[in-house]
Amino acid sequence: MTTIGTRTLRWLGTALVVGLGCRGPIGAPPPAQVSPPSAGSELRAPSDFASITDAKERSAALFAEASRVMLHPRCKNCHPAGDSPLQGDRGLVHDPPVVRGADDKGVPGLECTSCHQDQNVELARVPGAPGWHLAPRAMAWDGRTQRALCEQLKDPSRNGGKSLAEIVEHSTHDRLVGWGWTPGHGREPAPGSQAAFGALMDAWVKDGAVCPPEEVRR
Amino acid sequence: MSVRVRINGKDHVLDVDPEMPILWAIRDVLGLTGTKYGCGQALCGACVVHLDGEAVRSCVTPIRRAEGKSITTIEGLSADGSHPLQRAWVELGVPQCGFCQSGQIMTAAALLAKKPKPSVAEIDQSLAGNLCRCGTYLRIRAAVQKAAGGE
């Protein structure tokens, strides 16, 4: 027993060292030019990207940051790749088992707005905002890389026929989009704020609406 | 604040908190107790009523949403229980404990109003959010099919 216990401890110790090693050497220089997307609940402002002098690289970096909002569960859960919305931070299939229906607003007798109101119902924990509905299937974000999301967003056949200016406006002011930052009971808000997200999208477009390279992933 | 609303064809001015769920306005204020309180979280469907013909879960729908609109409850679905769904419900002996049935029927009525001849899959999709703890789902489906003119 003693031998096995010692071996186990050695193995655990090795695993711990290897595990810590994954963080990389302390004091390593940050990658040049392109800032890695931030993490957590914060969202960088466009001014944080001013050190990137190349407009194309800056635009791509701005989008990478903004994509943290769009690929957050509060946003992508209602941009599913299938016919059912997702819910929760783990993206479980919506329960009750609802489906999008012909116009992305549910089916007769079980519309989205059969339950979802124009605001959150806190006591019942039912999320709500004006115009609650699913994004059309062509606008699926779930499972997209940053680049795929970016190219999709610029494609009028997959963005609801919007111009880039209309996308910025939608991002900045749409109230259903805004729900992502006031999601109600027990739900983690999308990073930053709607204003900060809108500013990133605006700056991305002004710098040329360039998409990040495929290898930049979350 | 008062809310103007038509309920089962009759106009009412309700002196209630506009955030009061429709369920409590119809049950506690008007005494229409056919609509049931199940989960209170829009998860079970026992409280379904029609708001301008759309199925809504009255336990989470504030009465202000019904301002100037028309609500139909199970009591208003027909004057004498003769709605095809109600007749099918009786003929097939659908209810067991019966608690969920007004919500089931109101959901199915909203479906048939928009899709008079639904497929089995469409019936299942529309009623997927109505729970029956007695497990009468097969009878419910059969009754909806019967009301739609099928076997």
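## Contact between chains A and B

In this predicted model, 16 residues of chain A are in contact with 24 residues of chain B.

## Overall fold of chain B

Chain B contains five helices and five strands. Read from the N terminus, its elements follow the order β-β-α-β-β-β-α-α-α-α. The radius of gyration of chain B is 15 Å, close to the 15 Å given by the globule rule for 151 residues, so chain B is as compact as a globular protein of that length.

The C-alpha trace of chain B spans about 50 × 25 × 25 Å along its principal axes. Of the 151 residues in this chain, 44% count as buried. Among the contacts in chain B with a separation of 6 or more, 59% are between residues 24 or more positions apart.

## Two domains in chain B

The domain assignment divides chain B into domain 1 (2-76) and domain 2 (84-147). The C-alpha centres of these two domains of chain B lie 20 Å apart.

Across the boundary, 14 residues of domain 1 of chain B are in contact with 12 residues of domain 2 of chain B. On the domain 1 side, β3 and β4 of chain B each supply at least two of the residues that touch domain 2. The largest share of that side, three residues, comes from β3(B). By class, the side of domain 1 of chain B that touches domain 2 has seven nonpolar, five polar and two charged residues.

Strand β3 (residues 48-51) of chain B runs antiparallel to strand β4 (residues 54-57) of chain B, and the pairing extends over four bridges. Within this pairing, B:Val49 stands opposite B:Val56 in β4(B).

The hairpin formed by β3(B) and β4(B) has two residues between the strands. In this hairpin, B:Asp52 takes a positive phi near 50 degrees. As a general point, side chains in a regular strand alternate between the two faces of the sheet.

Methods:
Residues numbered from 1 in each chain as written. Chains lettered and ligands numbered in written order. Predicted model: local features only at pLDDT ≥ 70, side-chain atom pairs only at ≥ 80, totals over all residues. Rg over C-alpha atoms; globule rule 2.2 N^0.38 Å. Buried ≥ 20, exposed ≤ 12 C-beta atoms within 10 Å, placed from the backbone. Contact = placed C-beta atoms within 7 Å. Pairing = 2+ DSSP bridges. Domains from an automatic or database assignment. Nonpolar A, V, L, I, M, F, W, Y, C, P; charged D, E, K, R; others polar.
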